[in-house]
Amino acid sequence: MTLPADSALTPSARVVELWKPVLIRAAVALVFGVVTAFWSSPSVEVLAWATGLYLLATAAAVFVWRALPVFVPVVIALGGVGALVTQSDAGAGLSALVALVVLGASELTRGVQKKDSLSRDWLISGVISVGTAIALPFFIPLGAHALLGVAGGGAIITGVLWILSGLTLRHDARAATGASAPGASPEAVN
C-alpha cells in the first residue's frame, strides 16, 4: 500500500490498516459478480448500468486503496461513465475492455515491481483483469447476457482472491497488534 509521504502512520500501522481497502475492493467485485450471476435475462440498459456502476465503484475502491497510480482509477471511472453513456453492448463492452486492461496492466506492474505480501495477488488479479478484457470483444455479438457473464465471472474470481487476501491481512494485523478473541489465548487456539 502506498500512502502519501507526509502520512503519520508508521510502517506497522500501514500494514494493520491494509486489509480494509482490500476487503472493499473484494466486496465491490463480489457484489457485481453475484448480480450478473443471478440476472437471468438482462437488457442492454441493465448491462450498461451494472457495468458502469461496477467500474465506478471499482475506481473508488482503487482510489481509496492508493496502491496504484492515480491515473488508474481515473481511467476506470471514465470506462464506467462510457458504459453508462453509450447504453449499448459494444459501448459497455469496449468501455470495460479499456478499464480492465489499464487496471490489469497496472496490477501486473505492481506485482512485478513491488515485492511485498500482496505481490502474487497483484499478479493473479492482473492476469484475471487482462484476460477478462481480452475475452470481452468476442462476446459483444452475443449480447448483454454473455457480456455480463464474462465480466461477472472475472469479477467473482477477482473478488474471491481479494477477499482471501484481505482476511489473511486482517488476521496478520490482529496477530501483530496482539488482539485476540475475548477469553481465548493463543495456546487454546493452536
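Start with α3 and helix α4, residues 71-86. Their axes come within 7 Å and cross at roughly 165 degrees. Axes here are lines fitted to C-alpha atoms, for helices over the stretch in contact, and angles run from 0 to 180 degrees between N-to-C directions. So α3 is roughly antiparallel to α4; that label is for angles over 145 degrees, while under 35 counts as roughly parallel, 65 to 115 as roughly perpendicular and the rest as oblique.

This is a predicted model: local features need pLDDT of at least 70, side-chain atom pairs count only at pLDDT 80 or more, and totals for chains, interfaces and linings use all residues. Residues are numbered from 1 along each chain as its sequence is written, and side-chain values use heavy atoms, with hydrogens and water left out.

Who touches whom? From α3, the contact residues include W49, L55 and F63; from α4, they include P73, I76 and L84. Contact means heavy atoms within 4.5 Å. By class, this contact has 14 nonpolar, 5 polar and no charged residues. Ala, Val, Leu, Ile, Met, Phe, Trp, Tyr, Cys and Pro count as nonpolar, Asp, Glu, Lys and Arg as charged, and the others, Gly among them, as polar.

Next pair. Helix α3, residues 44-65, packs against helix α7, residues 144-177, at about 25 degrees, with the axes 10 Å apart. That makes α3 roughly parallel to α7. Their contact residues divide into 11 nonpolar, 1 polar and no charged. Among those meeting are Y54 and W65 in α3, and L147 and W162 in α7.

Conventions. Helix = DSSP H or I, 4+ residues; strand = E, 2+ residues; numbered from the N terminus.
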